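Subject: A structure for you to explore

Hi there,

Here is the structure I promised to pass on. Please open it beside this email and follow along as you read.

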Amino acid sequence: MSWRTKRIKLSACTVGALAAAMFAVSTTPAAASGTYSGLAYVYGTGVYTNDWGDEGVTDVNTNASSNATCLWQMILWANGYLASDIDGVFGTNTKNATAKYQDDTDYLTVDGSAGKATWSYAADYQIAYVSGSEAAGQTLNLRYDGTVNRFDMRRIGDGNYEFRDSRGNWRKAGYNYRTC
């Protein structure tokens, strides 16, 4: 094999290795989980009513088993769309409840998936201030006031959201794990 042929093959291998490395870096756990913000948690800064406009998708295919899904189910429960199916698994009941929630808004696209617009809509109208500060590094205590029920939430100092689950335990609203 000539030196020129070896150089061409070596260059092709190098390009392939670089492409594989770039793909691996671009699909970090948060990015691979479908988040818009690229973060592993439901997150916010500044004015809390604007926090959820860049959240990741939760549906039967993406983040289907996560604490972010559990938070979404708590929102559906607070609005009377779920009775007690709060388990962090985005199954048929959660999909149907999400579609009904979307349909009842007369604003959202009805697809049964909690994406950017659906999360944003939920935050815009039903999160209430309780105490604390919106300043960076501070805890902000909030409450989700649904049409039927309510539950406590907080945005902790690092900007990550926590919510009180149906048993009264605080849970971080993460996309990549499920503890609820």
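First, some ground rules. This is a predicted model, in which local features need pLDDT of at least 70 and side-chain atom pairs count only at pLDDT 80 or more, while totals for chains, interfaces and linings use all residues. Residues are numbered from 1 along each chain as its sequence is written, and side-chain values use heavy atoms, with hydrogens and water left out.

Let's start with helix H3. Helices (H or I, at least four residues) and strands (E, at least two) are DSSP runs, numbered from the N terminus. H3 covers residues 67-78, and its 12 residues reach 16 Å from first C-alpha to last. That is close to the expected 16 Å, where the expected span is 1.5 Å times one less than the number of residues.

Is H3 enclosed or open? Buried here means under 20% relative accessible area, exposed over 50%, and partly exposed in between (1.4 Å probe, protein chains only). Of the 12 residues of H3, 11 are buried, so the helix is largely enclosed by the rest of the structure. Its buried residues pack against helices H4 (92-105) and H5 (116-126), and against strands S2 (140-145), S3 (150-155), S4 (161-164) and S5 (170-172); contact means heavy atoms within 4.5 Å.

Now look at the two ends. Ser66 caps the N-terminal end of H3, with a side-chain oxygen 3.4 Å from the backbone nitrogen of Ala68. After H3 comes Gly80, which has a positive phi near 85°.

Next, the rings. Rings of Phe, Tyr and Trp (its six-membered ring) pair if their centres lie within 6.5 Å; planes under 30 degrees apart count as stacked, over 60 as edge-to-face and the rest as tilted. The count comes to nine aromatic pairs. In one of them, Trp72 and Tyr101 have ring centres 5.5 Å apart and planes at 85°, so the pair is edge-to-face. This pair links Trp72 in helix H3 with Tyr101 in helix H4, 29 residues apart. The rings of Tyr101 and Tyr121 are also edge-to-face, because their planes stand at 80°, with centres 6.2 Å apart. Both Tyr101 and Tyr121 are buried. Trp72, Tyr101 and Tyr121 are among the members of one aromatic cluster, which also includes Trp52 and Tyr161.

Enjoy exploring!

Terms used. A polar contact is a pair of N or O atoms within 3.5 Å; within protein, one must be able to donate a hydrogen and the other to accept it, and residues adjacent in sequence count only if both atoms are side-chain atoms.
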